[in-house]
Amino acid sequence: MHDAVSFMKDGGGEGPVPTAWRAAIEAVVDAFVRQDYALSTGVAGVAPVSADTADHIRSYIKDYGATLAPLPPQAWNTSACIWTGHHWDVMVDLWTEEEGSSDLVLQLHVVEQDGAYLAEIQMVFVP
């Protein structure tokens, strides 16, 4: 029997973000809510964020013009991931205080490393 992650890796197509990854992603968004785009205190299971990537995320959220909010449970209903052949491409719909569900998306890559999963923050953007 395959777990959800193995199924997606075996060609299952796009699927929901695995439950096992959600706490780390929620911690990333919580750090962004505090305007800690570099994840200065670190998040278990998440690679350090480069200064350039942190600056791009800060700038994009500022330019968007709304206040980022923590992820509510319903954010997982519209977020998804897909196996690319090398990593999982994860797209998490972000929420703001003003709008609720917003047009902003957090993109991460998740890779297998030493029997565990490591998330690498790519960007925040409006698709």
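Start with Trp-21, which counts as buried at 6% relative accessibility. Buried means under 20% relative accessible area, exposed over 50%, partly exposed in between, with a 1.4 Å probe and protein chains only. Trp-88 is buried too, at 0%.

Some ground rules. This is a predicted model, where local features need pLDDT of at least 70, side-chain atom pairs count only at pLDDT 80 or more, and totals for chains, interfaces and linings use all residues. Residues are numbered from 1 along each chain as its sequence is written, and side-chain values use heavy atoms, leaving out hydrogens and water.

Now the rings. Phe, Tyr and Trp (its six-membered ring) pair if centres lie within 6.5 Å; planes under 30 degrees apart are stacked, over 60 edge-to-face, the rest tilted. That rule gives 5 aromatic pairs. Helices (H or I, at least four residues) and strands (E, at least two) are DSSP runs, numbered from the N terminus. Trp-21, Trp-83, Trp-88 and Tyr-117 make up one aromatic cluster.

Next, the serine. Ser-102 is in strand β4 (residues 100-113). Buried or exposed? Ser-102 is buried, at 9% relative accessibility. What lies 2.8 Å from a polar atom of its side chain? The backbone oxygen of Leu-94 does. The backbone nitrogen of Leu-104 lies 3.0 Å from a polar atom of the Ser-102 side chain.

Notes: Polar contact = N/O pair within 3.5 Å; in protein donor to acceptor, adjacent residues only side chain to side chain.
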